[in-house]
Amino acid sequence: MMARVLKSSILAALGLSGRSRATMFRSPASSAFCSSPFCEYSPCYGLKMDLCLRGYFAEAAAEDVEGVAGGLKVVQNDGGGGGYWDSVGAKEYLDYRRSLYGDITYRALLVDAVGTLLVPSQPMAQIYRQFGEKYGVQFTEDEILNRYRWAYEQPWGMSRLRYVDDGRPFWQFIVTSATGCSDSQYFEELYQYYTTDKAWHLCDPDAEKVFQAIRDAGVKVAVVSNFDTRLRPLLKALKCDHWFDAVAVSAEVAAEKPNPTIFLKACELLGVKPEDAVHVGDDRRNDIWGARDAGCDAWLWGSDVHSFKEVAERIGVLVR
C-alpha cells in the first residue's frame with residue numbers, strides 16, 4: 001500500500017498522472033530511463049514535433065536535443081490541457097502579477113534552445129548512418145540509436161560537465177560508441193554538420209515577429225541552453241541570433257540545467273532579477289524545476305504554452 005502511494009506521488013510530481021499523456025522510454029542497456037537530450041529517431045523523432053506548429057510532423061510526443069546527437073527521456077505531451085495553465089490558480093497568478101507590474105507581467109523572457117526554439121531536421125540515427133556509410137559503418141539505424149542511448153547514459157568522468165568548450169571529447173565518445181567508427185574525419189563531418197542550418201530548423205514559423213514584438217514592448221530575451229560553443233554560430237546560421245539580447249550556454253557558463261546558476265547568469269546578462277523573468281522550455285526537470293530553483297517563473301513548452309505567440313500574450317504583449 002505504501003509503495004503504491006509513493007509511486008502515485010512520484011508520478012504526480014512528474015506530471016504523469018491525471019489527464020497528461022506522458023510517454024516514457026527505457027534505455028535498452030538498463031532499466032534506467034535514458035536522459036540524453038538528442039534522440040530524434042523514430043519513434044522518438046517527431047515526438048515533440050506536435051509542439052512545433054501546424055502539425056509539421058504527424059507523430060505527437062516529445063524530444064529534447066542539445067548537442068551533436070542524443071537519446072531518450074521522460075516526455076510530456078498534454079495535447080492541449082494538462083499543464084500548469086489549465087487551472088484557475090494560474091489565471092489568478094497572472095492577474096496577481098498584473099496588479100503588481102501592470103499589463104507587461106515580466107521584464108525578461110528566457111528560452112530553451114533545442115526542443116523549444118529549434119529542432120533537428122532529420123533523425124540522428126539516419127544522419128549517423130548516412131554519413132558513416134563511406135567509413136564502413138554497418139549498424140542499422142535502430143542499432144545506432146540503441147548504442148547511442150547506452151553511451152549517453154554512461155558516467156562521463158573527464159569533467160563534471162558533458163559540454164566543455166566545443167564538447168568534442170564527449171561527442172567523439174558518443175559517435176564512436178554509437179557507430180563503432182573512430183575515424184576522425186567521420187566525426188568531423190558529423191560535428192560540422194550539426195553547426196549548419198541543414199541540420200536544424202526553427203520550431204515556430206512565427207517566432208521572428210513574436211520575438212520582435214516582445215522586444216519592442218521592452219521585454220528582454222535570452223536563450224538558455226545546455227549546449228557546447230557551437231550554439232552561437234548555429235543561431236547565426238539560422239538567422240535568429242539577432243532576436244536575443246543574451247545567450248547563456250552551459251559550455252560557457254560552466255553549469256548545466258537544471259543547475260540554477262545558468263538561469264541566474266542569464267538574468268545577470270539581461271540586467272534583471274530572477275523574479276522578473278519567466279523561462280520557457282520543454283523539459284520539466286531541466287527547464288521548469290531548474291528555473292524555479294533560480295527564482296524565475298517557468299512554463300512548460302507543449303503543455304503550459306504551445307507557441308511563442310501564446311508566450312507573448314501571457315506576458316502581456318499583443319502580437320499582430
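A residue counts as buried when its relative accessible area is under 20%. With that cut-off in hand, here are some close-up views of this predicted model.

View A. Is Asp228 buried or exposed? Its relative accessibility is 0%, so Asp228 counts as buried. The side chain of Asp228 takes part in a polar contact of 2.7 Å with the side chain of Arg230. Another polar contact, of 3.3 Å, links the side chains of Asp228 and Trp171.

**View B. Strands β4 and β5 with the helix that links them.** Strand β4 covers residues 220-225 and runs parallel to β5, with four bridges joining the two. One of the pairings to look for is Ala222, whose bridge partner in β5 is Ala246. On its way from β4 to β5, the chain passes through helix α8 (residues 231-237), and this β-α-β crossover is right-handed. Which way do the residues of β5 (residues 246-249) point? Ala246 and Ala248 point one way, Val247 and Val249 point the other way, and all are buried.

**View C. Lys257 in its loop.** Here we visit the loop between α9 (250-253) and α10 (260-270), which holds Lys257. Lys257 has a relative accessibility of 4%, and therefore counts as buried. What lies 3.2 Å from a polar atom of the Lys257 side chain? That place is taken by the backbone oxygen of Val224. Ser225 can be picked out here too: 32 residues separate Lys257 and Ser225 along the chain, while their C-alpha atoms are 7.5 Å apart.

**View D. Arg149 on helix α4.** Helix α4 spans residues 141-152 and includes Arg149. Because its relative accessible area is 9%, Arg149 is buried. The side chain of Arg149 makes a polar contact of 3.4 Å with the side chain of Asn146. Ser177 is 28 residues from Arg149 in sequence, and the distance between them in space is 9.6 Å, C-alpha to C-alpha.

View E. Tyr93 lies in helix α2, which runs over residues 88-101.

Key: Residues are numbered from 1 along each chain as its sequence is written. This is a predicted model: local features need pLDDT of at least 70, side-chain atom pairs count only at pLDDT 80 or more; totals for chains, interfaces and linings use all residues. Side-chain values use heavy atoms; hydrogens and water are left out. Buried means under 20% relative accessible area, exposed over 50%, partly exposed in between (1.4 Å probe, protein chains only). A polar contact is a pair of N or O atoms within 3.5 Å; within protein, one must be able to donate a hydrogen and the other to accept it, and residues adjacent in sequence count only if both atoms are side-chain atoms. Two strands pair if DSSP finds at least two bridges between them. A crossover is right-handed if, with the strands pointing away from the viewer, the path from the first strand over the helix to the second runs clockwise.
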